[in-house]
Amino acid sequence: METFTQRAVFIIKSIPPGKVMTYGQVARCAGQPRGARQVVRILHSMSEKHHLPWHRVINSKGGIGMKGTESCRLQKKLLEDEGISFISDYHLHLERWIYDPGTEEDAW
């Protein structure tokens with residue numbers, strides 16, 4: 001049986017370039033609707049080890065966290081390099097860039 005962490009890692013790795021998912025969305029898809037903070041922990045502790053595209057996971061308002069930090073600027077640059085545009089300094093139009101693995105177009 002897969003653990004929540006294993007499922008979350010698989011889901012994060014499955015986010016294609018040019019798309020994003022929210023922390024809560026990853027948690028719901030991995031089987032824990034209230035597990036957004038666990039997704040943050042997974043990204044913080046396992047991104048390097050598992051080569052996770054951490055920059056493709058954002059908050060539910062379409063924003064990048066920790067504004068003004070080097071990691072925030074890096075996340076924005078990595079997303080822009082994948083073709084994602086921002087509507088303000090650290091916010092994107094979530095509906096335009098969201099990855100929904102439940103649709104035909106975005107299915108795993």
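Predicted model: local features only at pLDDT ≥ 70, side-chain atom pairs only at ≥ 80, totals over all residues.
Visitor: What is the pattern of the protein chain, read along the sequence?

Guide: The order is α-β-α-α-β-α-β-β-α, with five helices and four strands in the chain.

Visitor: How do you know that the radius of gyration of the protein chain agrees with a compact globule?

Guide: The rule is 2.2 Å times the number of residues to the power 0.38. For 108 residues that gives a value near 13 Å, and the chain has 13 Å, so the two agree. Along its principal axes, the C-alpha trace spans about 40 × 30 × 25 Å. As for burial, 42% of the 108 residues count as buried.

Visitor: How do you know that the span of helix α4 agrees with its 12 residues?

Guide: The expected span is 1.5 Å times one less than the number of residues. For residues 70-81 this comes to 16 Å, and the end C-alpha atoms are 16 Å apart, therefore the span agrees.

Visitor: Which residues of α4 are buried, and why do we say that they line one face of the helix?

Guide: They are Cys72, Gln75, Lys76 and Leu79. Seen down the axis of α4, these buried residues fall within an arc of 95°, so they line one face. The buried residues of α4 pack against β2, β3 and β4, while the face turned away from the buried side carries the exposed residues Glu70 and Asp81.

Visitor: Why is His55 called buried?

Guide: Buried means under 20% relative accessible area. His55 has 8% relative accessibility, so it counts as buried. His55 lies in the loop between α3 and β2, and its contacts beyond four places in sequence are Gln75, Leu78, Leu79 and Glu82.

Visitor: And why is Glu82 called partly exposed?

Guide: Partly exposed is the range between the buried cut-off of 20% and the exposed cut-off of 50%. The relative accessible area of Glu82 is 23%, so Glu82 belongs in that range. Its place is in the loop between α4 and β3.

Visitor: What makes the link between the side chains of His55 and Glu82 a polar contact?

Guide: A polar contact needs a pair of N or O atoms within 3.5 Å, one able to donate a hydrogen and the other to accept it. The side chains of His55 and Glu82 are joined at 2.9 Å, and the link counts as a polar contact. The side chain of Glu82 also reaches the backbone nitrogen of Gly18, at 3.0 Å. Beyond four places in sequence, Glu82 touches Pro17, Gly18, His55 and Arg56.

Visitor: Which residues have the most contacts inside the largest nonpolar core?

Guide: Ile12, Val26, Val39, Ile42 and Leu52 do, in a core of 17 residues. Helices α1, α2 and α3 each supply at least two residues of this core, and the largest share, five residues, comes from α1. A second, separate core of 11 residues includes Val20, Leu79, Leu94 and Trp97.

Visitor: How far apart are Glu82 and Ile42 in space?

Guide: They are 23 Å apart, C-alpha to C-alpha, and 40 residues apart in sequence.

Notes: Residues numbered from 1 in each chain as written. Heavy atoms only, no water. Buried < 20%, exposed > 50% of the residue type's maximum accessible area, 1.4 Å probe, protein only. Contact = heavy atoms within 4.5 Å. Core = buried A, V, L, I, M, F, W, Y, C linked by side-chain atoms within 4.5 Å. Arc of directions from axis to C-beta.
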